[in-house]
Amino acid sequence: MFRTRFTRRLPAAVAVAGLALAVAACGGGSTGASGSSAEPTAKAAELNANADLSKQSLAVTVWDGYTPKELPEKAKAALKISDLKITIHDTNETAMTKLTAGGDSGLDVAFVSGQYAQALNEQGLLEPIHPELIPNLSNLYPEATQLSYDKGNKYSVPYTWGTTGICYRSDLVKAEPKSWNDLLKPPAWAEKKVTMMTTERWLALPALKALGYSVNTDKDEEIAKAKELLVAQKPHLLGYDDTTFGDKLKSGEALMVEAWDGWCPTTDPKQNIKFVVPSEGSDLWVDTMVILKSSKNKEAAHALINYILSPDIHSWAAANINYKVPNKAAMDQVKVPEGSLLGIKPAELLNGESIRDLGEGSTKFGRLSTEVRATQ
Amino acid sequence: MKSQTKARPASPAKGRRLAAFAFLSPGLTYLIVLLLIPLGLVLSYTVFRRGRFGGIIYEFTLENFTRLIDPLYLGIVGSSVRIAALTTLLALLIGYPTAYVIAHLPPKWKTIALVAIVLPFWTNFIIRVYAWIMLLSGPGVINSVLGTKFELLYKEGTVVTGLLYSYLPLMVLPLYAAIEKLDPQLREASANLGASGFTTFRKVTLPLTLPGVVTGCLFVFVPSFGNFVIPEMLGGGKSIMVGNLIRNEFLSTRDWPFGATLSLALIAVLILLLMVQSWAARRA
Amino acid sequence: MRRPRFLYIPFWASLVFLYLPIIMLVVMSFNSGRSAYTYEGFSLKWYGELAKDEGIRNGLINTLIVATCSTVIATVLGTLLAVGLARYSRSRVLDALALMPGVLPDLVLAIGLLIFYVLVRTTFGIETLGLGAVTAAHALFSMAFVTAVVRTRLTGSDTSLEEASRDLGAGAVTTFMKVTLPQLMPGVVAGALLAFTLSLDEFVIAFFTIGNTEQTLPIVIYSMIRFGVTPKINALAAILLLVSFTAVIAGQRMTKIGESRAQN
């Protein structure tokens with residue numbers, strides 16, 4: 001029967017085809033390497049400041065609700081570009097996967113956190129920022145131009161920034177937390193009522209800081225000590241949570257949680273949630289805007305970033321979603337409510353260490369996270 | 001009852017070949033183009049290396065395979081198997097009677113019952129999980145109603161419950177199709193010959209529906225094994241299953257070569273299970 | 001037909017188990033607070049919010065399109081494949097192949113398809129594959145489920161009717177349409193139902209294969225997770241449940257009327 005003859009050869013034929021295609025793929029536009037097989041990309045010096053933007057359109061990937069809903073209409077009207085499409089992503093990781101899968105992702109601008117922008121740049125996927133096309137860069141705080149993952153904002157422009165700390169129920173805790181150890185070695189009244197984050201760099205952060213190490217260490221002994229702390233903590237933990245810790249605090253399931261400041265609902269009307277940056281120090285996280293090298297609309301991309309940096313647009317994030325923006329002109333426009341975390345000053349933020357991508361060292365944190373979470 | 005293919009002098013062998021081609025080629029072509037080629041692409045990464053910041057370095061290496069042999073991963077596989085097996089067993093115990101009852105309903109009610117089984121899954125996954133959290137949490141519904149302080153959330157049992165919830169229809173529907181096909185006369189004959197209800201079930205019904213049972217178990221076990229959302233949201237992230245492992249490698253660590261290697265190992269086991277299923281199906 | 005009473009216990013237990021969270025979820029659609037999680041009081045506002053949300057509306061339309069199209073493709077291809085494998089093939093390899101898409105970890109398939117589609121786009125110079133890419137991907141794994149479910153009706157079943165039909169001179173197509181297919185129908189229906197259900201709420205593969213111009217509903221909802229999923233989604237779910245349930249009951253009523261008309 002021709003069936004059996006066919007089927008025996010089939011898997012082999014396909015495996016060969018698959019490998020051949022993979023080779024072709026890496027020959028053409030290698031995953032993560034520069035050089036798509038599309039038109040030649042403009043070199044750094046050659047962007048046209050007077051380009052006709054009406055011939056350009058933009059595709060942007062960003063977290064849902066992170067930018068004003070009217071941004072597409074407003075930007076189209078102000079910049080005269082032909083279209084602005086917003087694609088949403090739920091985490092840095094999924095955005096990164098789309099951006100590094102090879103070829104042209106079809107995206108022009110991406111919103112990703114600092115260390116991810118760094119990684120994209122190291123893989124040659126980003127267009128350098130042309131400051132002459134973004135005059136509103138002058139609106140940024142001077143501190144926002146000295147971020148350690150991208151000094152001088154060569155390939156990324158910061159959109160929001162903040163720090164990580166302990167978010168807690170001031171009415172239910174018996175003592176205000178002051179140190180990362182209050183989370184790592186919870187007192188009896190907080191037994192099984194604390195949470196930590198799941199993302200591996202932020203999971204390690206409290207342990208590293210409590211031990212006095214840098215968040216960007218890749219020394220095996222230091223990471224091993226951090227792991228011991230985290231493993232010892234696990235039985236006393238409610239759980240690892242990146243997304244619903246705010247709800248857990250509100251319902252009283254958790255009393256103290258590791259949280260990003262923008263997520264900590266300190267302005268809740270019940271007035272019983274507070275935020276503290278522990279004494280050992282913390283990080284400085286930054287969500288940035290980057291332009292993809294594969295973009296065919298680089299001038300429009302620059303124009304959009306410039307537009308977003310204007311005080312009226314940029315202040316939206318602070319006024320509506322409680323995130324600090326590194327834009328002095330914008331923050332000056334915002335009325336900061338009493339006790340709000342929007343009042344944290346840039347100089348204070350700079351005490352935090354920016355998380356950087358560690359290259360090969362990154363895998364050590366992946367392993368740390370797996371080991372801690374797999375411990376029974 | 002074995003199917004016999006007799007030679008039929010009237011129809012030419014060529015007609016049979018044509019029929020085989022007609023039935024098999026659309027599906028197979030689709031599978032080759034959309035399954036085998038993409039899979040081949042991902043799995044080809046197993047022999048390459050991770051770039052310093054992610055991406056792929058196209059240098060041949062076998063180090064990903066040696067990394068597989070690690071007690072950490074074996075431990076994770078072990079607990080995943082345990083959780084998935086428990087889920088599958090429970091699904092079978094609840095699912096078989098459910099499918100049986102539905103298969104014997106009057107025709108009007110059959111469709112309604114089937115739809116009733118899948119309807120909950122036409123809502124969104126996240127809010128279903130939130131609903132479970134509401135039910136099970138310390139200050140949640142169950143504890144409030146019963147006046148107790150049970151710790152029902154963020155445990156292994158919670159993960160099993162969540163998985164069972166998500167995959168129960170995948171057990172019920174194949175079983176329904178298998179049971180509904182049974183010729184009632186077989187059962188009556190068995191009863192007439194003096195066999196008890198249970199014996200009839202054991203010797204007649206169960207063997208005949210075995211392919212459905214194996215299919216249902218496969219469809220519950222495998223996704224449970226590879227699921228990563230339920231252990232995170234309902235398990236409090238405190239247990240990590242194979243699905244989390246693969247996801248972390250691809251997404252967080254951005255080590256696509258190693259992620260592909262883990263996947264290859266998983267797929268190898270999958271193929272084994274599928275061959276077992278095929279053997280069970282063809283035996284009937 | 002003898003049906004032991006005790007079997008009804010697991011049956012009703014299943015239904016209670018399946019619907020308990022659904023009841024919670026519907027109750028929460030009337031939550032006055034922002035959380036889909038902690039009840040704070042009664043309010044109808046989320047239904048209003050839902051009506052205004054264009055992102056959700058477009059997502060819903062796209063999801064319905066993808067689910068319907070992929071179900072049709074999967075049901076046709078899957079049924080044909082099931083018959084082919086059961087009647088015309090002895091290969092266990094092909095059996096395994098047919099079921100693979102349904103049991104692969106979805107992330108692996110998603111990434112594979114992502115790379116594949118990028119390759120297709122660059123080779124053929126296509127700007128974007130749009131919803132077609134997602135539909136094709138969903139049809140792929142749904143097909144596995146349809147094949148599996150339809151197979152359970154074919155294994156070990158009586159081929160004598162089919163053979164009789166052939167002996168009487170009917171061609172393969174006629175035999176299939178008039179003899180085989182009616183026998184398979186419950187399996188085909190169950191398989192199609194499963195395919196539709198799986199596609200409706202599928203996130204991972206959709207996210208990675210979709211272009212940058214459209215979103216499906218699960219993608220829209222998952223992306224809300226950073227700022228909190230609001231009871232708007234519960235309102236949506238409640239409405240979907242109501243509509244689907246009404247449609248099914250109405251459908252049943254109409255078939256009954258059709259049948260009784262035919263009898264008269």
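Predicted model: local features only at pLDDT ≥ 70, side-chain atom pairs only at ≥ 80, totals over all residues.
A salt bridge here is a side-chain nitrogen of Lys or Arg within 4 Å of a carboxyl oxygen of Asp or Glu, and by that rule the count between chain C and chain B is two.

**Chain C and chain B**

- The contact draws on 104 residues of chain C and 100 residues of chain B, and the two chains bury about 9,800 Å² between them, with 78% of that area on carbon and sulfur atoms.
- Arg153(C) is joined to Glu180(B) by a salt bridge, in which the closest N and O atoms lie 3.0 Å apart.
- On the side of chain C that touches chain B, the most residues come from helix H1 (residues 8-28) of chain C, which gives 14.
- Sorted by class, that side of chain C holds 74 nonpolar, 15 polar and 15 charged residues.

**Chain A and chain B**

- Here 48 residues of chain A meet 46 residues of chain B, and about 4,000 Å² is buried between the two chains, 62% of it on carbon and sulfur atoms.
- Four salt bridges are counted between chain A and chain B, and the side chains of Arg254(B) and Asp357(A) form a salt bridge with an N to O distance of 2.9 Å.
- The rule also finds 12 residue pairs in polar contact across the interface of chain A and chain B, both residues being at pLDDT 80 or more.
- Several elements of chain A give two or more residues to the side that touches chain B, among them helix H3 (92-99), helix H4 (114-122), strand E6 (239-240) and helix H13 (362-374), while the largest share, nine residues, comes from H1(A).
- By class, this side of chain A is made up of 15 nonpolar, 20 polar and 13 charged residues.

**Two helices within chain B**

- Helix H3 (residues 71-103) and helix H11 (residues 242-252) of chain B have axes that come within 8 Å and cross at roughly 135°, and the two helices are therefore oblique to each other.
- Tyr73(B), Ile76(B), Val77(B) and Ser80(B) make the contact from H3(B), and they meet Val242(B), Leu245(B) and Glu249(B) of H11(B).
- This helix contact comprises five nonpolar residues, one polar residue and one charged residue.

Terms used. Residues numbered from 1 in each chain as written. Chains lettered and ligands numbered in written order. Heavy atoms only, no water. Contact = heavy atoms within 4.5 Å. Buried area = accessible area lost by both parts, 1.4 Å probe. Polar contact = N/O pair within 3.5 Å; in protein donor to acceptor, adjacent residues only side chain to side chain. Helix = DSSP H or I, 4+ residues; strand = E, 2+ residues; numbered from the N terminus. Nonpolar A, V, L, I, M, F, W, Y, C, P; charged D, E, K, R; others polar. Axes fitted to C-alpha atoms, helices over the stretch in contact; angles between N-to-C directions. Parallel < 35°, antiparallel > 145°, perpendicular 65-115°, else oblique.
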